[in-house]
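Subject: Structure for your review

Dear colleague,

Please find below the structure that I am handing over to you.

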Amino acid sequence: PHYVNVFMPAVAPSPTGAPDFSVGQTAFIVGSHRMDMCAHLMDESGKGREERDARLIRPHVEAGDVVLFDCRVLHFGTANRSGEEQGPGAGIQRPLLYANVQQRWFEDKKNWTLERLFEDPTVVKSST
């Protein structure tokens, strides 16, 4: 792949460590990285909805686990409903490390700008 996402949760998925769908997580649609499959699954007529739902996975990962995925895979965050009874902001917080790794030639113009946060180590600066 030319563009890979890296997720690493910093905390356990729930206080007990058991899988808990109420805390929300990233969901993936298996096979959606292929252009023809993506078009079928996301067809506005809704024809692919049942198959899309059948292909949906929500992996449960522990603190320190790493999830790598091709960014062409359709993915989205699910709602964190862990604190609905207690009110807004009362749910379990789930910080994670998130990074994108890409081939040098690729630019994700949809999601990112070309602004750099760090200097490019391959650029040699003049001392004058």
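This is a predicted model: local features need pLDDT of at least 70, side-chain atom pairs count only at pLDDT 80 or more; totals for chains, interfaces and linings use all residues.

Residues are numbered from 1 along each chain as its sequence is written, and side-chain values use heavy atoms, with hydrogens and water left out.

Strands

Helices (H or I, at least four residues) and strands (E, at least two) are DSSP runs, numbered from the N terminus. Strand 1 is mostly covered, with five of its seven residues buried; buried means under 20% relative accessible area, exposed over 50%, and partly exposed in between (1.4 Å probe, protein chains only). Two strands count as paired if DSSP finds at least two bridges between them. Strand 1 pairs with strand 6 in the antiparallel sense over seven bridges, and Tyr3 stands opposite Gln102 in strand 6. Strand 1 also pairs with strand 4, again in the antiparallel sense, over four bridges. There, Val6 has Leu68 of strand 4 as its bridge partner.

Aromatic rings

Rings of Phe, Tyr and Trp (its six-membered ring) pair if their centres lie within 6.5 Å; planes under 30 degrees apart count as stacked, over 60 as edge-to-face and the rest as tilted. The structure holds five aromatic pairs. One of them joins Tyr3 and Phe106, whose ring centres are 5.0 Å apart and whose planes stand at 40°, so the pair is tilted. This pair links distant parts of the chain, since Tyr3 is in strand 1 and Phe106 in the segment after strand 6, 103 residues apart. Tyr3 counts as buried at 7% relative accessibility, and Phe106 counts as buried at 17%.

Phe28 and Phe69 form an edge-to-face pair, with 4.7 Å centre to centre and 70° between the planes. Phe28 lies in strand 2 and Phe69 in strand 4 (residues 67-70), so the pair ties together parts that are 41 residues apart in sequence. Both Phe28 and Phe69 are buried. Ring pairs also link Phe7, Phe28, Phe69 and Tyr98 into a cluster.

Pockets

On a 1 Å grid over the protein atoms alone, a pocket is an open set of points where a 1.4 Å probe fits, with protein on both sides within 12 Å along at least five of seven lines; lining residues have an atom within 4 Å of a point. The largest pocket has a volume of about 700 Å³. Of the 19 residues that line the largest pocket, Gln102, Thr113, Leu114, Glu115 and Arg116 are the closest to its centre. Strand 6 (residues 96-102) gives the largest share of this lining, five residues.

The second largest pocket has a volume of about 420 Å³. Its lining has 20 residues, of which Cys71, Arg72, His75, Lys110 and Asn111 lie nearest the centre. Strand 1, helix 1 (35-41) and strand 6 each supply at least two residues of the lining of this second largest pocket.

A loop residue

Val23 lies in the loop between strand 1 (3-9) and strand 2 (26-29). Is Val23 buried or exposed? At 4% relative accessibility, Val23 counts as buried. The C-alpha atoms of Val23 and Asp43, 20 residues apart along the chain, are separated by 29 Å.

Yours sincerely

How values were computed: Grid points are joined across faces, edges and corners, and a volume is the space filled by probe spheres set on the points.
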